Amino acid sequence: MSEASPEGRFVVAAPPHIRARGSCTSIMLWVVGALAPAAVWSLVSMGTPAAITYASCIGGALGAEAVWNAVARRTQTLADGSALVTGLLLAMSMPPRAPWWMSIAGAVVAIWLGKMVFGGLGWNLFNPALVGRAFVVLSWSGILSKLPTKGWYQTIDVAGNGSLDAISGATRLAIAAADRAAKGGYGFDLAAQYQPLLFRNLQGSLGEVSAALLIAGGLVLIARGIIDWRIPVGYVGTMAALAAAFGSDPLFHVLAGGVMLGAFFMATDYVSSPMTRHGRLVYGIGCGAFNAIGRFFGAMPEATTFAILFMNGMAPLLDRIFAPRTFGWVRRDG
Amino acid sequence: MLKGAFLGGIHPPEMKHLSAGSAIERAPVPERLVVPLVQHLGAPCQPMVEAGQRVRRGEVIGSVDALVSAPVHSPVDGEVVSVGECLTAAGTRAACVTIAPYEDQDFEQWVRVEGRDVPSIVRAAGIVGLGGAAFPTAVKLVPPKDLEVSTVILNGCECEPYLTCDHRLMLESPDLVVRGASILRTTLGAARVVVGVEANKPDAAEALRKASDGTDVEVLVLPTKYPQGAEKQLIWAVLRKEVPHGKLPAAAGALVHNVGTAAAIAEAIDLQKPLMERIVTVTGRVARPGNYRVLLGTLVSDLIRAAGGFAGEVARVVAGGPMTGPALGSLDVPVTKGMSGVVVLGPDDAAPPVDGDQPCIRCGRCSEACPMFLQPFAIGTYANAHLWDRAGEFHALDCIECGACAYVCPTRRPLVQLIRLAKGALLAKGVKP
């Protein structure tokens, strides 16, 4: 009776025998697709240096993973798409004029130290791209601060106002805040920065070129059910609330720096974020809170990286605290 | 107005259109019937016949004196060819009675079952849960004395994709279902009897409403979501009560029977008819998908032939629904009381074979889908590492094996299989469910 089956055999496996469409690779490609508008726009806006940074970060990430798998005699895993996402996210957190070797070093650290040493995809505690970025920041802050053109640390060019040539990092914001306390204002109009931050800002990292395109991509991922709204909403909401509480402009602070990239694309990394709903909300709030505290009071120039890394470390604890109640274990009628 | 569904669950493609429009027709009498002596959960029957012996339709061919069991009847007038071990749908071998039916069969005649009350007649008729679990029905008609069943729920959800046998039964024989429902309510002394039907079968719900007009039977339309027909989820949808962990549904004041079981009870009580046949949906990659009234013991191969044979390339043949049924390695296995369907899946319909040990990427979809609010990824990971106690701490034993977690898993981890491993190991260690 098996005439229609090749070799006359059927697959015998445990149920279920049907599976939802979609795979790890398709999820990763959706993330890449959601990042693509912002990435392409940054390439167009920044040109060759951006192309070099993208190529070194992505190539470095893919290469590092391939080499690790080859040396460790593991099955190659490039097809799962996660190294591509890591490379792309790392690139978008780098200043466009970062030297190519620095990008590659960041990518190698991201993949090896951020992911492969834990056992590969699914086992890492921290977001690999942020591990790579943290390594770069801690290793070469001197070089980064002296990059030609107002780079990474200098998100907003307010040279026209004369009082501050740039702001962004916590230190500068702290200065700006002190400035505000002393003089009753920032010395420049934060609201005037909304438009460049949303659409075309050439003074930050590659991921800071257009907050609007990042938000659009993030909303697509939420609509597709790929990321949970609780993380970006908790993150951005808390960031805005604390910025307001600290007496500054909330909208400026959520649009500036790495907040949007972090909230929609970094903090939402499945592996390093909580899996429970409440856990995700608290995690998002925690990211926003530490980002705001770091930006207003911290010593690091941009607090996004370390805020998310810190909350990555808290994720397993949050999952334990907010573990779901099994059906039937505590009476819950109505 | 639909009551809200249970929490969790999934919406797989229903695929019911293939066979939902096909009226139930009788499958041809095959040359041989292979009737297993265990078609239920519980003690296997002992054969009551020998090779060469003539049997009549409805005659008991297997029986055993155990509380949790159900006798087996000959579905035809015929001659016993042999009594011996044969392959079953579960992939194991079991004692079976092979019968050669006579040319002429009168399906309106049978050896009548007798009993002093409803439970004893139901027992004598060999009725088991026809939804798939095949638990002996008579046992459920005598609940423990300390538990009061206030609501009998008939399961007409048929939430498994592809299957339409219950749908056609409710549509074509609503009176039987309603009659069975009434018998169940009075037998159990319940205040209410509710038939739960998923919203994707409005015609069946309407037919039941008409048939139940003026009776004590309520019809409740429930949102379409898998696994709405799982016992605990159905009870929650109807009563908003959770069956407490480790307790019988009666602890929530409810008892659930499949609509097909109710119809079989009605026939047993009113017509003294034993369970000799059932409705089976034969669907998927077959030439004529449909719903067939099948004599128990008919081989799946005969049934597929009755449905016109395979249409196109075949990857898997599933006995029952594609979310929970076993995949068949051989088609020469008999239809049993609990087999609601034969679903033929092509290479594009079926899950691709699992590709090595794909990692969990911690997306959390399994937890979102789990109707028991478990964290399947965690149980699966611990089971993979043989850390059974840790799997137990994540309540592996509460898993109902609906398959929703594995269905949604983007890296296609064999979560149900892993959880079954953990459950087996925990039960072997003596952990109480």
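**Exercise 1. Which residues in helix 10 of chain B are buried?**

Before we start, note that this is a predicted model, in which local features need pLDDT of at least 70, side-chain atom pairs count only at pLDDT 80 or more, and totals for chains, interfaces and linings use all residues. Residues are numbered from 1 along each chain as its sequence is written, while chains are lettered from A and ligands numbered from 1 in the order in which they are written.

*Solution.*
- Step 1: find the helix, here a DSSP run of H or I with at least four residues, numbered from the N terminus (strands are E runs of at least two).
- Step 2: apply the burial rule: buried means 20 or more other C-beta atoms within 10 Å of the residue's own, exposed means 12 or fewer, and partly exposed lies in between, with C-beta atoms placed from the backbone.
- Step 3: the buried residues are B:Pro376, B:Phe377, B:Ala378, B:Ile379, B:Gly380, B:Thr381, B:Tyr382 and B:Ala383.
- Step 4: eight of the nine residues in helix 10 (residues 376-384) of chain B are thus buried, so this helix is largely enclosed by the rest of the structure.
- Step 5: the cover over these buried residues includes helix 9 (365-369), helix 11 (388-393), helix 12 and helix 13 of chain B.

**Exercise 2. Describe how helix 13 and helix 14 of chain A pack.**

*Solution.*
- Step 1: two packed helices are described by the angle between their axes and the distance between the axes.
- Step 2: the axes of helix 13 (residues 277-297) and helix 14 (residues 304-321) of chain A come within 9 Å and cross at roughly 150°. Axes are lines fitted to C-alpha atoms, for helices over the stretch in contact, with angles from 0 to 180 degrees between N-to-C directions.
- Step 3: helix 13 and helix 14 of chain A are therefore roughly antiparallel (over 145 degrees; under 35 is roughly parallel, 65 to 115 roughly perpendicular, the rest oblique).
- Step 4: residues in contact have C-beta atoms, placed from the backbone, within 7 Å. Among them are A:Gly286 and A:Phe290 in helix 13, and A:Phe310 and A:Met314 in helix 14 of chain A.

**Exercise 3. How many residues does each domain of chain A give to the contact?**

*Solution.*
- Step 1: the domain assignment, automatic or from a database, gives domain 1 (24-145) and domain 2 (156-319) of chain A.
- Step 2: domain 1 gives 31 residues and domain 2 gives 29.
- Step 3: on the domain 1 side, helix 1 of chain A gives the most, with 11 residues.

Definitions and conventions
Contact = placed C-beta atoms within 7 Å.
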